[in-house]
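Please examine the sequence and the three-dimensional structure shown below. The paragraphs that follow lead the reader through them step by step.

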Amino acid sequence: MTISVAFSKVCRYYDDIKAVDKVDLSIEEGEFFAMLGPSGSGKTTCLRLIAGFEQPTSGHIEIFGETAEGVPPYQRDVNTVFQDYALFPHMNVLDNVGFGLMIRGIPKDERNHEAEKALQMVRLSGYGARRPSELSGGQRQRVAVARAIANKPRVLLLDEPLGALDLKLREQMQDELKELQKTLGITFIFVTHDQGEALSMADRIAVFNNGKIIQIGTPKDIYQRPETQFVANFVGSSNIVAADFAGLSDRKDRLVSLRPESIKQVDSNGREAIVISRSYMGGSTRLNVENNGVRLNMVIQSNTGLPQDGEKILISWDPEQAHLLSNDQ
Amino acid sequence: MISSAIYAPQRSGSVSVFSDYCWRNPRMFLFLLLLPPVLWLGIIYLGSLFSLLLQSFYSIDEFTGLIKHEFTLKTYRELLHPANLDIVVRTVSMAIIVTIAAAIIAFPIAYYAARYARGKWKVFFYLGVMLPLWSSYLVKIYAWKLILAKEGILNWFLAKLHLTWLLESVLSIPIIGGNSLSVSYIGTCLVFLYVWLPFMILPLQAALERVPVKLLEASSDLGSKSQQTFRHVLLPLAMPGLIAGSIFTFSLTLGDYIIPQIIGSSRLFIGQAVYSHQGIAGNIPLAAAFSIVPIIIMAFYLWMAKRQGAFDVL
């Protein structure tokens, strides 16, 4: 496997703010890689370092084995889908998509043909004559993607591309982007603060916090085996409890993460818990229960008999499902 | 009784009654707001413009010096007389050169102010651009006359640098040269440029400020070098500001009659021609015809700019 983007000990400081702090990364060609983290965690700065809009304060970046430091954005085989799309308002959709080709001096006919092909890939054929201001948010998003892929980059960077779309459209675009990545077979690097988006789309996820990568792994790894309390809380929701409470009695000093869906309501042989509150979420219902003074979140199917607030129920979980967390944040 | 507690009690007093009335009748409120400016623009401003237009269709009787109040194109024919046409061409050429030079000088300044200046540097920029506007126009022009004169500071400075030959070779160029900068077209142009520059910088800066940095990054991301980004993204997006600024510099130069009188060769510009025809000669129709020229040129300029799509981003 070829490595498309590699970071070694990359730092980016703004005065004394460490936006990116000693990040090591290695992204394979053809991978759908997500950078996940809260705002200000350094994920967007990492993306900008790859695009070439920022230069690292220290450390080393390689793109397809070549040193990236000092290479201007216009010489990189990398294109970006910007957060708020950054479409050129004075050009129509076709000229926007064909912009990169125009800059490279490709004649108008061929350029328009290529641009139309890119528009077809994002299911916007026939929209070429419109202005970006005449499009809906979802359509603009597609134009931004088409504009970036029309250049045939080897790495596509996507900066929170779905952030401004409503839920239904976002889910649809997630599927489409995933499909597009498979068709093109190029590396997608995707920045998001939405853990659901990262879990559903990415081959691998890097979880960022305070400029550092906390954990890298497949979505399953990250979800089932979060290494720290931060990851356990940020990716999905989690009950952070003492290890001996969860049933791992030999690790008294440590904390574990117990996912809400790991806790089951049982008829017998369970721990007694009082239902504090419920929130109905359609197919499932989230319960907040208390057992031995510890509050726990759990999820049950809505089509079973729902317990009332204040009712005593029996709960149980497999201690194997509790995942031991490291002591640092 | 319960409902009465929900609302504040009905207010009395004419101001309150009036503001309640305006709230209920927003169209009436808008009408009242617009009435004074519409009256001003419509009657006083446009009215005087039309009476000017009307005047230009009258003519003057050469023998009596009285205005004949009957429609004729005689005055316009007079305008096309070589001596008068010369004035028009001279003024328009000067306005074009001043406008282009102002755009070239103003762009980097405006770009710096819009993109990079923050906090106190921004204040410094605004002060620097506006400060010249606070002092008297005449004082500035006379100051320039002293700077550009043969015995002036510029000559003295160039002499110190042993560059007098350079100035002399520039001044020996026919038409635009002259005895010294203060009596040449170059001098006139320099002073016009100085006086109108703020009117180019400010709209340009406002337009550049509205160009998101993201667009410049996107252009660079798609393969543009700086000059390509400038040509394909920055310049088209700054065009409304550039047009607004050029309207100022162009029309102000077309209409000014003080600068060419104090600095430059003694040949007339449109403003001076208007001044002398309506004042000394009492030839108001010809003065009016002269002042129609800038109006037509500006209308044509705006129409061209619109056709070229300069306002598409607005």
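**A guided reading of the model**

In chain A, buried residues make up 49% of the 329 residues; buried means under 20% relative accessible area, exposed means over 50%, and partly exposed lies in between, with a 1.4 Å probe and protein chains only. This is a predicted model, in which local features need pLDDT of at least 70 and side-chain atom pairs count only at pLDDT 80 or more, while totals for chains, interfaces and linings use all residues. Residues are numbered from 1 along each chain as its sequence is written, chains are lettered from A and ligands numbered from 1 in the order in which they are written, and side-chain values use heavy atoms, with hydrogens and water left out.

Chain A has 10 helices and 18 strands. Here helices (H or I, at least four residues) and strands (E, at least two) are DSSP runs, numbered from the N terminus. Taken along the principal axes, the C-alpha atoms of chain A fill a box of roughly 75 × 45 × 35 Å. Among contacts in chain A with a separation of 6 or more, 64% join residues 24 or more positions apart; a contact means heavy atoms within 4.5 Å.

The interior comes next. A nonpolar core is a set of buried Ala, Val, Leu, Ile, Met, Phe, Trp, Tyr and Cys residues joined through side-chain atoms within 4.5 Å. The largest such core has 57 residues, and those with the most contacts inside it are A:Phe7, A:Met35, A:Ile50 and A:Ile189. Helix H4 of chain B, residues 82-115, gives the largest share of this core, 7 residues. A second, separate core of 41 residues includes A:Leu36, A:Val93, A:Leu135 and A:Ala202.

Where does A:Phe7 lie? A:Phe7 belongs to strand E1 of chain A, residues 3-14, and is buried, with a relative accessible area of 3%. A:Phe7 and A:Leu25 are 18 residues apart in sequence, yet their C-alpha atoms are 4.8 Å apart in space. Not counting residues up to four places away in sequence, A:Phe7 touches residues including A:Leu25, A:Cys46, A:Leu49 and A:Ile50. A:Ile189, leaving aside its neighbours within four places in sequence, is in contact with residues including A:Val5, A:Phe33, A:Met35 and A:Ile50.

The two chains also meet each other. In total, 24 residues of chain A are in contact with 18 residues of chain B. The size of an interface is often given as the accessible area lost when the parts come together. Chain A and chain B bury about 1900 Å² between them, 62% of it on carbon and sulfur atoms; buried area is the accessible area (1.4 Å probe) that two parts lose on being put together, summed over both. A:Tyr74, A:His90 and A:Ile103 supply 32% of the area that chain A buries against chain B, more than any other three residues.

Side chains of opposite charge can pair when their charged atoms come close. A:Arg204 is partly exposed at 22% relative accessibility, whereas A:Glu31 is buried at 7%.

How many salt bridges are there between chain A and chain B? The count is 2. The side chains of B:Lys214 and A:Asp84 meet in a salt bridge at 3.5 Å, N to O. B:Lys214 is partly exposed, with a relative accessible area of 23%. A network of salt bridges links A:Arg12, A:Arg48, A:Glu54 and B:Glu217.

A:Tyr85 has a positive phi of about 75° although it is not a glycine, and A:Asn269 has a positive phi of about 55° although it is not a glycine. Is each of these residues buried or exposed? A:Tyr85 counts as buried at 8% relative accessibility, whereas A:Asn269 is exposed at 77%. A:Asn269 is placed in the loop between strand E13 (264-266) and strand E14 (271-280) of chain A.

How values were computed
A salt bridge is a side-chain nitrogen of Lys or Arg within 4 Å of a carboxyl oxygen of Asp or Glu.
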